[in-house]
Amino acid sequence: AEEALRRSELNLRKAQEVAELGSWTLELCTNRLEWSEQTYRIFGIAPDTPLNYEIFLERVHPDDREAVNAAWKAAVAGAPYDVVHRIVVNRAIRWVRERAELHFDAQGQLRSGVGTVQDITERHAITVELRRLSQVVEQSPLSVVVTDLNGRIEYVNPYFSQVTGYSRAEVIGQNPRLLKSGETPPEEYRRLWETIAHGGAWTGILHNRRKDGSLYWERAVVAPIRDAEGRITQYLGIKQDITVQKQLEDQLRQRERYQRALLDNFPFMVWLKDTHSRFLAVNQPLAKICGLLNTDAVVGKTDRDLWPREVAERHQADDRTVLATRRKKAAEEQLFEQGKSRWVETYKAPVVDQDGALLGIVGFARDITDRKQAEERLRLAASVFEHAHEGII
């Protein structure tokens, strides 16, 4: 019997050591308080140290002493004792959980008690980290969706409900297809499922429908979730509502189409250059006179790539003048091509942003040969009148 009791006590000590769980007993009739070896070890107290309540409180973290003391007084008055708090051991902070079962006499006076104390520092750190991650997901400004391998929704965060109008209870167990609007091509969904089923991450844009029937755009990333062995267990979707952005992009594209139509239908050449005299945008007449098929072929080039050296140097000198002075410049120049003369009028002006920073140059040029010829004819006619021997009224 003694050997069995010894083995039992040894097993109990080993079990407490493995579980980092200590125990204590209290007998008020004999004024005896006993701690197990593991309890001494948890609190960092030598086993031969005399025990009392004050020694215990000294180990409790100063910020937790008041709460722990209040919990013990409540337990002595009959309340349950189950507290989690910090202790200080060798200047290191540890977390423990204490439980107790107290026994009272017929008059309600405490007679004895038994309790446990468990070191939960590692578990508490994991719990805090999980709570922090949960808060990140719950408060994320992105929709977060988790489905099983069959696509049934297992979790959505609050922002998902805010965007779609569906509550969490309404979508749990449902398939994300309840958001389909019919606007996204079926091929896109097939690519999505093929990608994630083979372990890849799919990225794309979906055109979905809210609960109230309104359409919205969202940019989505869908990827598999794997367990510790690398097996795919779930799918994770993170989605951003880009409806406003898409609307702005559509408006911008429409505005660009209007501007392009306006520029291409001008009867003269129009261009925009950066501060290094590189073409950023041109209209069709300019591309045509350069012998290029479309306007994009001009973008990125300079005057040296398009005109004879002398003409290019003159244009770039004008550009430098406009950039340096930040003033408009107009010029007329006579060009000779294949023995023929033509006149071109050029107008250039600096382009600045709302803060006054220099962005480049805008300019246009038009052929004024007909006007120049008409002016020459008028000059000649005036000369005839001036030099006639007859009086003319």
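Leucine 130 is exposed, with a relative accessible area of 53%, where exposed means over 50% relative accessible area, buried means under 20%, and partly exposed covers what lies in between (1.4 Å probe, protein chains only). This leucine sits in helix H5, residues 121-138, and helices here are DSSP runs of H or I with at least four residues, while strands are DSSP runs of E with at least two, both numbered from the N terminus. Together with Ile126 and Leu133, Leu130 forms a nonpolar patch on the surface, with about 300 Å² of accessible area together. Such patches are made of residues with over 30% relative accessible area and no salt bridge, with like charges joined within 9 Å and nonpolar side chains (Val, Leu, Ile, Met, Phe, Trp, Tyr) within 5 Å, and the accessible areas come from the Shrake-Rupley method with a 1.4 Å probe, only the protein chains shown counting as cover for residues.

The model is predicted, so local features need pLDDT of at least 70 and side-chain atom pairs count only at pLDDT 80 or more, whereas totals for chains, interfaces and linings use all residues. Residues are numbered from 1 along each chain as its sequence is written, and side-chain values use heavy atoms, with hydrogens and water left out.

Which residues of H4 are buried? In this helix they are Val68, Asn69, Ala71, Trp72 and Ala75. Because they cover an arc of only 160° around the axis, they lie on the same side of H4, the arc being that of the directions from the helix axis to the C-beta atoms. An α-helix has 3.6 residues a turn, so residues three or four places apart point the same way. On the other side of H4, Glu66, Ala67 and Lys73 are exposed. The buried residues of H4 pack against strand E1 (21-27), helix H3 (53-59), strand E3 (81-89) and strand E4 (92-104), where contact means heavy atoms within 4.5 Å. After H4 comes glycine 78, whose phi is positive, near 120°.

Helix H8 (residues 186-197) also has twelve residues, and from its first C-alpha to its last it reaches 17 Å, close to the 16 Å expected. Its buried residues are Glu188, Tyr189, Leu192 and Ile196, and they cover an arc of only 100° around the axis, which puts them on the same side of H8. These buried residues pack against strand E8 (202-209), strand E9 (215-226) and strand E10 (232-241). H8 is followed by glycine 199, whose phi is positive, near 90°. Glycine 200 has its place in the loop between H8 and E8 and, at 23% relative accessibility, counts as partly exposed. Not counting residues up to four places away in sequence, glycine 200 touches Thr195, Val222, Ala223 and Pro224.

**A buried phenylalanine**

Phenylalanine 43 lies in helix H2, residues 37-43, and at 2% relative accessibility it counts as buried. When residues up to four places away in sequence are not counted, phenylalanine 43 touches Trp35, Phe56, Arg59, Ile87, Val89 and Val117.

**Salt bridges**

Side chains of opposite charge can pair when their charged atoms come close. A salt bridge is a side-chain nitrogen of Lys or Arg within 4 Å of a carboxyl oxygen of Asp or Glu, and by this rule the count comes to 28 salt bridges. The table gives examples.

| Glutamate 229 | Arginine 231 | 3.4 Å |

At 18% relative accessibility glutamate 345 counts as buried, whereas arginine 366, at 35%, counts as partly exposed. Are glutamate 229 and arginine 231 buried or exposed? Both of these residues are exposed. Aspartate 319 and lysine 348, by contrast, are buried, and they belong to a network of salt bridges that links Lys273, Asp303, Asp319 and Lys348.

Notes:
Expected span 1.5 Å × (residues − 1).
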